[in-house]
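Please look at the structure first and then read on.

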Amino acid sequence: MKTILFLLLLLPIASPDKPPKAAAVVLVIHGGAGAISRQQLGPEREKAYREGLLQALQAGYALLQKGGSALDAVETAVRLLEDNPLFNAGKGAVFTQDGRNELDASIMDGNTLAAGAVAGVTTVKNPVSAARAVMEKSPHVLLAGPGADQFAAEQGLDTVPPSYFRTDERWKGYQKSRQQDSLRRLPDSSRDHSRVLPAPVDKFGTVGAVALDRQGNLAAATSTGGMSNKKYGRIGDSPLIGAGTYANNATCAVSCTGWGEYFIRLVVAKTVSDLVEYKKYPLQRAASELILQQVPRLGGDGGLIAVDKAGNIALPFNTAGMFRAYTTPRGELVVKIYKE
């Protein structure tokens, strides 16, 4: 009997005050990549950008900490960036050649590979929410133009007059960019697909978010006002699943920012996932392969944010700066703008 009692004392005792350790949650956001410098921004604007990024990061991260889904986290973070006139998405979007704001967005669920997107919308207050509605309430992936606006309104999403998106700063940038052509004619003999396109004026791009939730699900979302002075109904990579946005629980979630024509041609977001899945690249290597090698090799620029199924993150960019923020495994909230 004494021996049995002694053995029982050696058995571990479960403590009701110490629940199992919860899975880590991760959120990464971006507010665009480009020719961003301290001299260009100045102290006050830099502070405003940092505060805007932090607010979006905090809101999305709070949802994840409470057990919320990665989808809800990326939508919430991107909506706040769309509402912030500092960024080229939603209010504060750049103008097309004919003086309009045309908005694009996409979202993807890494658990089911469901995806939704809208392009060229003009009256949806938060295009990322319209993209999610396309994913969840329609049989389609991408809706464009007036039809997408109509669909969003029918789903009860907030709509606004087109003038809502206008800001004085973007209008001044539009007037400046009209002095140059955003789509200059290339020589007829230039048929090489790797040719360098003419650089657009006042090029800022895109906001986005990627997340990993407690259930191990990944999600990604991207939203943009596009390229300043863009012509002919131009659509970039942001609403194109696989080019600007991709998420798969088996690999990673990716949101891109930069010169969309090159991201489309390289199918950047999906290619990062493929390198992780088929070549077994670590996330950082896969992301850097696209942003630091393949995109600039063609003449493009930009960056991306990504998180993999293990919670590793990557934030490469080949421009002077990229507005970005992320959470650490210890729960720290980090905001950065310039190269470091």
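## A pair of strands and their hairpin

Tyr 326 has Val 334 in β12 as its bridge partner, and β11 and β12 pair in the antiparallel sense over five bridges, where pairing requires that DSSP finds at least two bridges between two strands. The two strands, β11 and β12, form a hairpin with five residues between them, and in the turn Gly 331 has a positive phi of about 85 degrees. Strands (E, at least two residues) and helices (H or I, at least four) are DSSP runs, numbered from the N terminus.

This is a predicted model, in which local features need pLDDT of at least 70 and side-chain atom pairs count only at pLDDT 80 or more, while totals for chains, interfaces and linings use all residues. Residues are numbered from 1 along each chain as its sequence is written, and side-chain values use heavy atoms, with hydrogens and water left out.

## The sheet as a whole

The open sheet has eight strands in the order β4-β3-β2-β6-β5-β1-β11-β12, with mixed pairing. At its edges are β4 (142-144) and β12 (333-338), each of which pairs on one side only.

Strand β1 (residues 26-34) pairs with strand β11 (residues 321-327) in the antiparallel sense over six bridges, and Gly 32 has Phe 323 in β11 as its bridge partner.

## Helices on the sheet

Helix α2 (residues 38-65) packs on the sheet and touches β1, β5 (207-212), β11 and β12, its direction making about 150 degrees with that of β12. Contact here means heavy atoms within 4.5 Å; axes are lines fitted to C-alpha atoms, for helices over the stretch in contact, and angles run from 0 to 180 degrees between N-to-C directions.

Helix α3 (residues 70-83) lies across β1, β2 (103-109), β5 and β6 (218-224), and runs at about 160 degrees to β5.
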